[in-house]
Amino acid sequence: MESMVKPSTSETPYTLTIPAGLALDRTSYLELYYFMALNRKLEERLSNLYRQNQVVGGLYSSLGQEGCSVGSAYALQRGDFFAPMIRNLGGLLVRGVEPQQVMGQYCARAIGPTGGKDLNVHFGWVDRGIVSPISMLASLVPVFAGIALEMKMKGKPNVALTYVGDGATSTTDFHEGMNFAAVHKLPLIIIVENNGWAYSTPTSRQFNVPDFVVRAEGYGCYGEMFDGNNVMTALDVTRRARERCVNGEGPVLLEAKTFRRKGHAEHDDAGYVPAEERAYWEKRDPLDAYRRFLDMHRIVETSSEIEEIDTRINQMLDTAVDEALASPFPDPSTLMENVYGD
Amino acid sequence: MALTTYVDAIKEGIWEEMEKDDRVFVLGEDVGIYGGAFKVTKGMLDKFGPMRVIDTPISESAIVGAAIGASLVGMRPVCEMQFIDFISCAFDQIVNFAAKCRYRWNAGVPIVVRGPCGGGVHGGPFHSQNPEAYFFNVPGLKIVCPSTAYDAKGLIKAAIRDPDPVLYFEHKYLYRRIKEDLPTDDFIVPIGKAALRREGDDLSIITYGAMVYKALEAADELAKDGIEVEVLDLRTILPLDEEAILATAKKTSKVIVMHEATMTGGPGGEVVARIAQKAFEYLDGPIVRIAPPDTPVPYSPPLEEAFLPQVKDIVATARKLAAY
Amino acid sequence: MATEPATKRPRFTHVPSDKTKLEMLHYMKLVREIEDRIERKLYRQGRIVGGVYVGLGQEAISVGTAIHMEKDDVVAPSHRDMGVFLMRGITSRRIIAQYMGRRTGLTRGRDGNMHMGDMNYNVIAFVSHLGDNVPVAAGCALVFKQRNQKRVALCYNGEGATSRGDWHEGINFASVHKLPVVYFVNNNAYAYSTPIHLQMAIEDVAMRAPGYGIPGEVVDGNDILAVYDAAKRAVDFARSGGGPSLVEFKTFRMTGHSAHDDAGYVPPELFEEWKRKDPIPRFEKQLIEEGVLTEKRRDEMQMECVKIVDDAVDWAETQPYPAAEEVTRDVYYEGQES
């Protein structure tokens, strides 16, 4: 089984560095930790609930990809538009979605943002700048090009950001959306989260180049590749991309190198992933690495600061779980609501 | 005879055709190494090799397009859409290329496009659709919806052997719930022929796919009250078996047409129109349709339950019609 | 150092024989004549059914590429590739009958103008949804690879079609599986009224090739010898198992999008500029300089083409229209040989 990743033979642990030019205050450093930890722990709860048959439908995890989601979403500003792909729960949390909303949605309860009409990350609010994806991958690329078009038309200093996986780049919508955005120099940021696998398909079967980012030149737009497991790099790259967009330089295609630590979905044991590849990436876990970073650079004063954040998160999630499980399922009378806008 | 699930029946059908005809091959996402998201192609890669079991990028349009090209030069490709909901991504290739080649320039396109359709599995709007209506109005295509393991195997073989493009919609809810003893010899279920699942004199239910089982359950319920229901399983949606449709309508004079695709514009309307036009004098009551309401397929269990026709709804509708 | 005459300086790796040069000239002239007759005479006289799309000024592309086709290769042309049909052996008679909607045209009156094909000649009929032929050609090439055949698929599109998702999906698929297919792009600067800079944000379509990990080349599409050379390279590459490549021909659409379009949106100076680069007189001049062609022979060749087209038109106009009862035939297989 081919793999695009060469396992590291060195024993040095994966160490995060601060990108040059990125200046963060302590609060921001801790917020980044908070969102990644919340992402991780929230998904752990969802996984447990899935096993208890409380999460309804399929469950897709972003384990190992939290750095990319959180860092990139953190770069956005008010008025920007955001849409997740299936492994960007962390980004939604950064954009203000609350754990109990996520729980309600995943457990198919009436309090979920779609009232039980759709599942997992398929929710959003236009007035909050969050757009719901659909299952057809990359379909949001042209949609977000359209959102970016309006920003350009109205002269708004904003961007539209969404994600695709390595697999979604093979679709018609990806191509047409990128090309359109490039021709019209739209403020669109597309982050390709290259996590090595599209279900069981390795990237070597998805495209014929080792680094997807070379396609940016083929669209005539700026492209950059980055370490998706360094949350600070994700933040920095996205900030700079945002600046380019707001300056009217056209869309930006970013490629995040990362790894999908679980299977395609909860039911998939991903036995097709070579053990060495998995082991390599486990040592590059974004959250573990970031904890080490905070410690090493003494950004946290004591280790109990991290523990306090963790405890706070756990309490929040306890409440969210209890609330969700105690809340009712949607009433069948709501079935016919909202098909049209009457 | 061997006890075989519906999903394995499909696998066996494809497997046997691949064994006897080296023009047959499979392509789709995750069909090789993974054996398919629902394991329909499990084991095929080892047996037939990577040139006949092809793992493609996420490219439904290219999957179908490549199948068209391969068929023009003599092959018999079987495309998998991981969930049939994604067939919409290949709409253009199916409707404008595959369906029209023979008519336009005398080039046959013997492809099969298959995938799991249907709800009842908490799949939500994009993993539960029944797309037959989108293609029903496209001359040049054939559409089949097997309900039994026997038909699943017989129809996939017929589809593969058919000289024209066939859309094969297998219902995911039936995959492992339906088991049947299947003959071990080679058999075909002809495309375009419906099957009587239950005979009765009082009322006909014309349906297909997973709905067949709900119809049969309702029929058992109604029999307790002396209402004998005839259940006609269409099996093929395009072309419709008009002879069988009219025969059952003329026999019972009261007809329910039922499907899991939503009501407005679903194939049921065509069945109703044909009966009304060609068997009007035989009817003793209005032809009634049972189908989900005109909404996307919802996700949460109480919503999905309200959406899908339930046995009790069928029984109630049938009682009312029987009493008309 | 003395400058060598242009004709003696080797510019290309692959150079056709004199015989082939004259063959290519014949076909270029035949394409020009047949399309001129269709668009500027028959269409305006109301003797054509439906629309007309010609490849005026682009003849070198279809001819200089199709010359490399072997009998069992499969070709998927687009609407400005008349040369492909003629070089495959499809007669001018059947082509004119096609344009006239007659029963003996390639589609028996089922489809119009360039929407024609014939698998007996390994020519795939395209559809109006441009770019759809890209995955289809990949599918043919897939079979050649599966069966270990030394066959190649050739696929043609304009630069406009490269914006379509099917173009992307098909090339990506072909590149991942290293299929023996060549993708030609006829970049004639306009897609209907859309100039290049509104179609894509890059100068050359070939800039997309590295993104698919395949070779890409930009070629003067109005120089038949340049076309010949690049096409041979790409076809050989595919045939030897190298996989797909992208060859972009720069040219110019010397007409409107179709016969009814006066192309008023094109700056007249562009027409002037490209007229000077007309591939046919350019090649004729070169051949005369080389001594391969005389002016007399050139004029004779022109008359031969005129005669072929005269005969084709005369024949086509005697051909019956399809009968009304035929309308429902052949939607599905009816037992006839395909």
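Which residues in helix 4 of chain A meet helix 11 of chain A? In this predicted model, local features need pLDDT of at least 70 and side-chain atom pairs count only at pLDDT 80 or more, while totals for chains, interfaces and linings use all residues. Residues are numbered from 1 along each chain as its sequence is written, and chains are lettered from A, with ligands numbered from 1, in the order in which they are written.

A:Pro99, A:Gln100, A:Met103 and A:Gly104 in helix 4 meet A:Met316, A:Leu317, A:Ala320, A:Val321, A:Glu323 and A:Ala324 in helix 11 of chain A, where contact requires C-beta atoms, placed from the backbone, within 7 Å, and helices are DSSP runs (H or I, at least four residues) numbered from the N terminus. Helix 4 (residues 99-106) and helix 11 (residues 303-326) of chain A pack at an angle of about 35 degrees with their axes 9 Å apart, the axes being lines fitted to C-alpha atoms over the stretch in contact and the angles running from 0 to 180 degrees between N-to-C directions.

Helix 3 (60-72) of chain B gives the most to the side of chain B that touches chain C, with 9 residues, whereas helix 6 of chain C gives the largest share of the side of chain C that touches chain A, 7 residues.

Key
Helix = DSSP H or I, 4+ residues; strand = E, 2+ residues; numbered from the N terminus. Contact = placed C-beta atoms within 7 Å.
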